[in-house]
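The following questions and answers concern one protein. Please keep its sequence and structure in view while reading.

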Amino acid sequence: MESVFDLPAHPLMVHFPVVAIPVLSILAILLVLKPSLRSSWRWFAIGLAVITAISTLLAASSGEALVELIEADDWVEDHESLGETLRIFVIGLAASLTALVLIARDEISAKRPIGIGISAITILFALLATVWTIRTGHEGANLTWGGVVETEAETTTTTTTAAPTTTTTATTTSAADAATTTTTTSTTTAPSTTAAAVGTPNGMALYEANCARCHGSDGVGTRGPSLGGIAAKHPEVQNEINQITNGGDRMPSFGDKLTEAEILAVVGYYREAFTEGEHSHDD
């Protein structure tokens with residue numbers, strides 16, 4: 001499933017499992033510690049386990065569809081891997097919790113070896129599912145919002161007004177005018193200076209927000225290739241401008257996100273910052 005009401009399905013579908021998995025984990029641990037509740041909570045626990053498992057599978061499936069749609073296999077690899085592992089843990093939690101309330105359904109059966117084993121497995125899957133939900137969600141949020149807050153802080157322009165400058169000019173008349181001295185005082189205020197007034201995009205801030213996650217803050221490359229020495233290797237910049245604008249070769253396009261001036265600022269920044277010999281990356 002790629003979309004819901006013309007919107008990407010994955011961001012919509014992840015919300016329920018993100019809440020349901022921790023709730024299911026808490027319920028599982030509670031039923032392990034309180035065997036007397038298992039009989040009365042049996043069907044609620046089974047229902048929540050089934051719904052949570054299905055919603056997790058749908059979220060994972062919609063995520064895979066989104067990756068194929070935007071051709072972003074490389075730079076979402078960590079998030080995708082965490083999601084696949086989380087899917088296994090949630091299925092394990094649902095299965096072990098169901099076994100807990102059906103097989104070790106009371107205090108007597110809970111004390112038997114099989115009941116103790118199921119209880120231990122249930123707690124293990126509950127903890128793993130909760131931790132992987134946090135890790136997967138954090139990686140997804142980082143892919144979506146990483147660098148945005150920092151960039152906003154860096155690109156917020158602060159108006160700087162120069163302190164008034166006072167100039168005193170002394171004019172002395174001739175002796176015939178009784179050595180009269182006239183003092184003239186003038187005050188000049190320098191104009192306010194803002195980054196917005198200059199109108200030049202901040203190439204470094206734009207790079208950190210849009211490029212650093214794949215090419216690294218120092219240009220050595222992470223999911224994407226190294227940019228070290230790129231100015232010397234490729235003197236012609238038009239190919240880089242086209243690549244950033246249109247994307248391709250597993251790189252997303254930024255033509256609809258950045259203006260032409262911003263793209264030029266990004267290219268100018270990394271070509272100047274990551275020169276030959278300052279940054280290198282061995283694959």
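**Overall organisation**

Among contacts in the protein (heavy atoms within 4.5 Å) between residues at least 6 apart in sequence, 67% join residues at least 24 apart. This is a predicted model, in which local features need pLDDT of at least 70 and side-chain atom pairs count only at pLDDT 80 or more, while totals for chains, interfaces and linings use all residues. Residues are numbered from 1 along each chain as its sequence is written, and side-chain values use heavy atoms, with hydrogens and water left out.

Q: How many helices and strands are there in the protein?
A: Helices (H or I, at least four residues) and strands (E, at least two) are DSSP runs, numbered from the N terminus. By this rule the protein has 13 helices and 4 strands.

Q: What percentage of the 283 residues is buried?
A: Buried means under 20% relative accessible area, exposed means over 50%, and partly exposed lies in between, with a 1.4 Å probe and protein chains only. Of the 283 residues, the buried share is 34%.

Q: Which residues does leucine 31 touch, not counting residues up to four places away in sequence?
A: Leucine 31 is one of the residues with the most contacts inside the largest nonpolar core. Not counting residues up to four places away in sequence, leucine 31 touches Leu37, Arg38, Trp41, Ala45, Leu97, Leu100 and Val101.

Q: Is isoleucine 26 buried or exposed?
A: Isoleucine 26 is found in helix H2. Because its relative accessibility is 61%, isoleucine 26 counts as exposed.

Q: Is tyrosine 207 buried or exposed?
A: Tyrosine 207 is found in helix H9 (residues 203-210). Since its relative accessibility is 0%, tyrosine 207 counts as buried.

Q: How far apart in space are tyrosine 207 and alanine 265, C-alpha to C-alpha?
A: In sequence, tyrosine 207 and alanine 265 are 58 residues apart. In space, their C-alpha to C-alpha distance is 8.8 Å.

Q: Why are the buried residues of H12 on the same side?
A: In helix H12 (residues 238-246), the buried residues are Glu240, Ile241 and Ile244. They are on the same side of H12 because the arc they cover around the axis, taken from the directions from the helix axis to the C-beta atoms, is only 100 degrees.

Q: Which helices do the buried residues of H12 pack against?
A: The face of H12 turned away from its buried side carries the exposed residues Asn239 and Asn246. The buried residues pack against helix H11 (230-233) and helix H13 (260-273).

Q: Is serine 109 buried or exposed?
A: Serine 109 is found in helix H5. Not counting residues up to four places away in sequence, serine 109 touches Ile103, Ala104 and Gly115. Because its relative accessibility is 7%, serine 109 counts as buried.

Methods: A nonpolar core is a set of buried Ala, Val, Leu, Ile, Met, Phe, Trp, Tyr and Cys residues joined through side-chain atoms within 4.5 Å.
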